[in-house]
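Here is a short briefing to read alongside the model. Please keep the sequence and the 3D view open as you go.

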Amino acid sequence: MPTLDLTVEQVIMLVQQLPLEGKKAVFKVLQKELDVQENPWLKLAGKYQDDPQFDDMLAYIEADRQELNDQEEAK
């Protein structure tokens with residue numbers, strides 16, 4: 001597919017001239033393209049699933065958080 005040498009402003013002007021259904025079609029294509037782009041947070045998903053110390057670390061964090069909450073409530 002050949003590429004056109006258009007500015008963003010020119011593309012916006014062209015899309016604005018489309019009827020509503022045409023605008024919706026352009027939006028759908030752009031939305032799909034944005035949805036497909038890689039989400040950087042997904043790279044971290046499951047990173048620690050096989051780490052045998054992960055549950056211990058979570059318990060330590062929770063205990064520390066609870067201790068801080070208890071200290072705050074005592075004030």
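The points below cover the overall shape, the surface and charges, and the salt bridges.

This is a predicted model, in which local features need pLDDT of at least 70 and side-chain atom pairs count only at pLDDT 80 or more, while totals for chains, interfaces and linings use all residues. Residues are numbered from 1 along each chain as its sequence is written, and side-chain values use heavy atoms, with hydrogens and water left out.

**Overall shape**

- The chain has three helices and zero strands, in the order α-α-α along the sequence; helices (H or I, at least four residues) and strands (E, at least two) are DSSP runs, numbered from the N terminus.
- The radius of gyration is 25 Å, whereas a compact globule of 75 residues would have one near 11 Å; the radius is taken over C-alpha atoms, and the globule rule is 2.2 Å times the number of residues to the power 0.38.
- Along the principal axes, the C-alpha atoms fill a box of roughly 65 × 35 × 25 Å.

**Surface and charges**

- Of the 75 residues, 1% count as buried (buried means under 20% relative accessible area, exposed over 50%, partly exposed in between, with a 1.4 Å probe and protein chains only).
- The accessible surface is about 7,600 Å², and 59% of that belongs to carbon and sulfur atoms; areas come from the Shrake-Rupley method with a 1.4 Å probe, and for residues only the protein chains shown count as cover.
- The chain carries 8 positive and 16 negative charges, whose mean positions are 13 Å apart. Lys and Arg count as positive and Asp and Glu as negative, without His and the chain ends, and each charge is placed at NZ of Lys, CZ of Arg, CG of Asp or CD of Glu.

**Salt bridges**

- The count comes to three salt bridges, each being a side-chain nitrogen of Lys or Arg within 4 Å of a carboxyl oxygen of Asp or Glu.
- In helix α2 (residues 20-36), Lys 24 and Glu 21 lie three residues apart, about one turn of the helix, and their side chains meet in a salt bridge at 3.7 Å, N to O. Lys 24 is partly exposed at 42% relative accessibility, while Glu 21 is exposed at 55%.
- In helix α3 (residues 54-74), Glu 62 and Arg 65 are also three residues apart, about one turn of the helix, with a salt bridge of 3.9 Å, N to O. Glu 62 is partly exposed at 41%, and Arg 65 is partly exposed at 47%.
- Glu 72 pairs with Lys 75 in a salt bridge, with their closest N and O atoms 3.4 Å apart; Glu 72 and Lys 75 are both exposed.
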